[in-house]
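Q: Could you take me through the features of this model, one at a time, and show me how each of them should be read?

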Amino acid sequence: MADRNGPGGNRDNRMGRYSRAASFWIILFLVPLLIINAWNARTQNLTELTFTVIKEQLANDNIESVT
C-alpha cells in the first residue's frame, strides 16, 4: 500500500501538532486577560458632575477637555 503521508509527511504531522499546541497555550493565556480586561472596564469609577460644578470649573479654567 502506498504511503499516505508521502515524503516528509512525518514532519508535516509534527508541525500540525506544534501549531495546535501553540494555539492552545495562546488561547489559554489570552482568555483570562480578556475576562480581566472586561471586568475592569465595567468597574471603572466614573464621577458625575452637576452643571453648576462644571460652570465653576470652566470659569476657573480648570477643564482641559470634555468627552
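Q: Which residues form a nonpolar patch on the surface, and how much accessible area do they have together?
A: In this predicted model, the nonpolar surface patch is formed by Ile26, Phe29, Leu30, Leu33 and Leu34, which together have about 510 Å² of accessible area. One of these residues, Leu30, lies in helix α1, which covers residues 9–42. Leu30 counts as partly exposed because its relative accessibility is 40%, and so falls between the limits of 20% and 50%.

Q: How is a pair of aromatic rings described?
A: The description of such a pair rests on the distance of the centres and the angle of the planes. The structure holds 1 aromatic pair, formed by Phe24 and Trp25, with 5.2 Å from centre to centre and 75 degrees between the planes. The pair is edge-to-face because its angle of 75 degrees is over 60.

Q: Are Phe24 and Trp25 buried or exposed?
A: Phe24 is partly exposed, with a relative accessible area of 46%, whereas Trp25 counts as exposed at 57% relative accessibility, because the limit for exposed is 50%.

Q: Which phi value does Asp61 have, and where is Asp61 placed?
A: Although Asp61 is not a glycine, its phi is positive, at about 60 degrees. Asp61 is found in the segment that comes after α2, the helix of residues 51–59, and with a relative accessible area of 65% Asp61 is exposed.

Q: How many helices and strands are there in the protein chain, and what share of its residues is buried?
A: The protein chain has 2 helices and 0 strands, and of its 67 residues 1% are buried. Its accessible surface comes to about 6900 Å², with 58% of that area belonging to carbon and sulfur atoms.

Key
Residues numbered from 1 in each chain as written. Predicted model: local features only at pLDDT ≥ 70, side-chain atom pairs only at ≥ 80, totals over all residues. Heavy atoms only, no water. Phe/Tyr/Trp six-rings, centres within 6.5 Å; stacked < 30°, edge-to-face > 60°. Buried < 20%, exposed > 50% of the residue type's maximum accessible area, 1.4 Å probe, protein only. Patch = residues over 30% accessible without salt bridge, like charges linked within 9 Å, V, L, I, M, F, W, Y side chains within 5 Å. Areas by Shrake-Rupley, 256 points an atom, 1.4 Å probe, with all protein chains shown as cover. Salt bridge = Lys/Arg side-chain N within 4 Å of Asp/Glu carboxyl O. Helix = DSSP H or I, 4+ residues; strand = E, 2+ residues; numbered from the N terminus.
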